[in-house]
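User: I'd like to learn how to read the contacts in a structure like this one. Could you walk me through them?

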Amino acid sequence: MTVVDSTLHRLHGDLRISLKTDNPDISRCLLALEQLSMIYVTSQHIQRHSELVSTLRKMRRYRGSRAVMDKASMLYSRFKNAYLLGEGEEMVSSAFLRSLLEEKEKEEAQRWEEEEGQRRTGQEEEKPELDWKRF
């Protein structure tokens, strides 16, 4: 087992422990995600640590913290790209990762604006008044 493998194994354990349902530790989780983002991973590492990738995939839907969702989504995309690149073993640049995160933030902002627009139009519609005399 290499140093990277042992580090990935340790960080996976930290992620799972930090997000236990009875007592989530968001700061510890973010720290582990930050450390994970600094590690250079190859497609072989991803294949050996498929449980970590699965955990990141699940964390993209974690509703307890928006920061955890975003960071996990970014890392999942990075690992997925590294896996798809395969033998090229090219490292995904931080500029590319930032652009992915910015794109996701724009999509979220657009979705929020659409939801707000739907709420406003729903509130502006006149609701028929009930004829209380009938009851």
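Predicted model: local features only at pLDDT ≥ 70, side-chain atom pairs only at ≥ 80, totals over all residues.

User: How many helices and strands does the chain have?

Analyst: Helices (H or I, at least four residues) and strands (E, at least two) are taken as DSSP runs, numbered from the N terminus. The chain has six helices and zero strands, so its order from the N terminus reads α-α-α-α-α-α.

User: What share of the residues is buried?

Analyst: Buried means under 20% relative accessible area, exposed means over 50%, and partly exposed is in between (1.4 Å probe, protein chains only). Of the 135 residues in the chain, 33% are buried.

User: Which residues have the most contacts inside the largest nonpolar core?

Analyst: A nonpolar core is a set of buried Ala, Val, Leu, Ile, Met, Phe, Trp, Tyr and Cys residues joined through side-chain atoms within 4.5 Å. The largest one here has 22 residues, and those with the most contacts inside it are L15, C29, L33, L36, L56, M59 and F79. Two or more residues each come from α1 (3–18), α2 (26–37), α4 (50–59) and α5 (66–85). Helix α5 gives the most, with seven residues.

User: What does L56 touch?

Analyst: Contact means heavy atoms within 4.5 Å. Setting aside residues up to four places away in sequence, L56 touches L15, L33, L36, A72, L75, Y76 and F79. L56 is also among the buried residues of α4, which are L52, V53, S54, T55, L56 and M59. Their cover includes α1, α2, α3 (43–48) and α5.

User: Is K71 buried or exposed, and what is around it?

Analyst: K71 lies in helix α5 and counts as buried at 19% relative accessibility. Beyond its neighbours within four places in sequence, K71 is in contact with L33, E34 and S37. With E34, the side chains make a polar contact at 2.9 Å. Such a contact is a pair of N or O atoms within 3.5 Å; within protein, one must be able to donate a hydrogen and the other to accept it, and residues adjacent in sequence count only if both atoms are side-chain atoms.

User: How many salt bridges does the structure hold?

Analyst: Side chains of opposite charge can pair when their charged atoms come close. The rule asks for a side-chain nitrogen of Lys or Arg within 4 Å of a carboxyl oxygen of Asp or Glu, and the structure holds seven such bridges. In one of them, the side chains of D14 and R28 meet at 3.5 Å, N to O. D14 lies in α1 and R28 in α2, so this pair ties together parts that are 14 residues apart in sequence. D14 is buried at 17% relative accessible area, whereas R28 is partly exposed at 34%.

User: Which residues are joined with R66 into one network?

Analyst: Start with D70, which forms a salt bridge with R66, the closest N and O atoms being 3.6 Å apart. The two are four residues apart in helix α5, about one helical turn. D70 is buried at 16%, while R66 is partly exposed at 37%. E108 also forms a salt bridge with R66, its closest N and O atoms at 3.3 Å. That pair links distant parts of the chain, with E108 in helix α6 (residues 94–124) and R66 in helix α5, 42 residues apart. Through shared partners, salt bridges join R66, D70, E108 and R111 into one network.

Technical notes: Residues numbered from 1 in each chain as written. Heavy atoms only, no water.
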